[in-house]
Amino acid sequence: MALELYVHIPFCIKKCGYCDFVSAPAGKGRQDAYMEALRLEICRRAEIFREKDGFLGQEPVVSVFFGGGTPSVAEASQIEKTMSCIRREFVVAEDAEITLEANPGTLTSQKLSCYRRAGINRLSIGLQSANDRELALLGRIHTFAEFKESYRLAREAGFQNINVDLMAALPGQTVESFTQSLQAVTGLSPGPEHISVYSLIIEEGTPFFSKYHRQAAAREEGEKDCAPLPSEEAERAMYGETGRFLGTYGYERYEISNYARPGFSCRHNVGYWTGTPYLGFGISAASYTGKERFSNTHSMEEYLKAAGEPGGPDFKTIQKEEETVTKARAMEEFMFLGLRMICGVSEQEFEKRFGRKMKDVYGEILEEMERKDLMGQKFSEGEKGIRWYLTRKGIDVSNYVLAEFLF
């Protein structure tokens with residue numbers, strides 16, 4: 001078995017209009033206080049889990065992911081101190097994948113050198129688009145030229161495993177302009193080892209929801225900065241073009257939204273989709289022990305207060321949304337998370353984990369999805385058994401298919 005760690009750094013230079021993550025700009029004092037509290041939480045939770053659950057305290061950590069926000073906004077020395085803390089408290093595998101998310105314009109040669117010393121061996125850079133007009137409409141803080149400079153610095157610093165994030169279905173985006181972004185990213189020398197392509201989701205409570213929810217009225221009023229969102233047909237065409245285009249450059253689609261050169265699939269995300277336990281640190285961070293789920297408070301004030309409790313920090317007070325993972329819930333997650341993987345889910349692994357045959361639990365749904373050409377099955381030579389997977393048509397309507405496996 002194995003364990004994954006997620007570390008939430010909630011700082012950014014400017015909140016993007018589409019972002020619903022727990023993040024915000026903050027000054028140095030606030031950042032320093034948070035990073036100190038974060039390390040206290042890591043130490044305290046490691047102690048708790050060593051006492052409560054020998055597995056979580058002793059199994060090797062195979063991946064660490066610094067997400068946000070924009071972790072590269074924080075001082076690099078804070079990231080280095082946090083990694084040192086993790087190595088003291090957990091058994092980090094020698095070949096662990098250690099990822100840090102970064103935005104263009106926040107990286108310097110000095111920061112990158114510090115990351116390397118800390119053991120960061122993978123960067124995930126949020127480009128989103130190679131079109132400066134689309135970037136401006138998103139409210140991004142950078143241009144494509146600034147992304148290229150950050151990418152160049154990362155390569156010079158010795159990073160040999162880099163992901164680039166792109167987004168589809170952006171305001172004002174066309175299939176042609178999206179394809180140009182794919183061309184720009186694959187045209188980098190050397191090209192990234194991994195590319196993630198996600199559709200823009202207009203989340204309620206964000207500025208984008210207010211702006212684009214009334215899109216038709218805004219166009220009638222002549223608001224020039226309210227570019228229309230692409231149609232569903234255009235969005236599907238973008239996803240179709242992604243697979244075709246990246247395939248010609250040697251990228252394999254291993255998950256609905258992720259493409260990688262052979263050997264560079266994101267181990268951390270694969271762990272999420274296949275049920276590897278993980279511990280999350282920082283505000284809003286979620287944890288899954290295999291038996292229960294819980295997440296931390298979204299409140300910075302509550303989090304910092306917990307770190308300063310008399311007699312030492314007690315981070316159990318900030319746990320929210322605790323849930324015991326029942327067998328039924330575990331089976332659901334096996335299906336709707338595992339089916340995000342292009343290789344699908346294994347009947348043999350299902351029976352091994354739950355003591356029941358997959359067809360006894362989901363037989364009617366599997367037959368219906370196969371009849372509609374949304375799912376298929378194939379024999380796996382390695383496993384000597386059947387795997388179920390989403391067809392190309394099923395991937396296009398994956399939200400519908402995956403929801404069918406929820407009781």
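A charge sits over a ring if NZ of Lys or CZ of Arg is within 6 Å of the ring centre and within 35 degrees of the ring normal. This is a predicted model, in which local features need pLDDT of at least 70 and side-chain atom pairs count only at pLDDT 80 or more, while totals for chains, interfaces and linings use all residues. Residues are numbered from 1 along each chain as its sequence is written, and side-chain values use heavy atoms, with hydrogens and water left out.

**Charges over rings**
- Arginine 293 has its charged end over the ring of tyrosine 288, 4.2 Å from the ring centre.
- The charged end of arginine 116 sits over the ring of phenylalanine 159, at 5.4 Å from its centre.

**Aromatic pairs**
- Rings of Phe, Tyr and Trp (its six-membered ring) pair if their centres lie within 6.5 Å; planes under 30 degrees apart count as stacked, over 60 as edge-to-face and the rest as tilted.
- There are 15 aromatic pairs in the structure.
- One of them is the tilted pair of tyrosine 34 and tyrosine 303, with 5.4 Å from centre to centre and 35 degrees between the planes.
- Tyrosine 34 lies in helix 1 (residues 28–52) and tyrosine 303 in helix 12 (residues 300–307), so this pair ties together parts 269 residues apart in sequence.
- Helices here are DSSP runs (H or I, at least four residues), numbered from the N terminus.
- Tyrosine 362 and phenylalanine 405 are edge-to-face, because their ring centres are 5.3 Å apart and their planes are at 70 degrees.

**Burial and cluster**
- Tyrosine 34 and tyrosine 303 are both buried, meaning under 20% relative accessible area (1.4 Å probe, protein chains only).
- Tyrosine 362 counts as buried at 1% relative accessibility, and phenylalanine 405 at 0%.
- Phe334, Phe350, Phe354, Tyr362 and Phe405 make up one aromatic cluster.

How values were computed. Helix = DSSP H or I, 4+ residues; strand = E, 2+ residues; numbered from the N terminus. Buried < 20%, exposed > 50% of the residue type's maximum accessible area, 1.4 Å probe, protein only.
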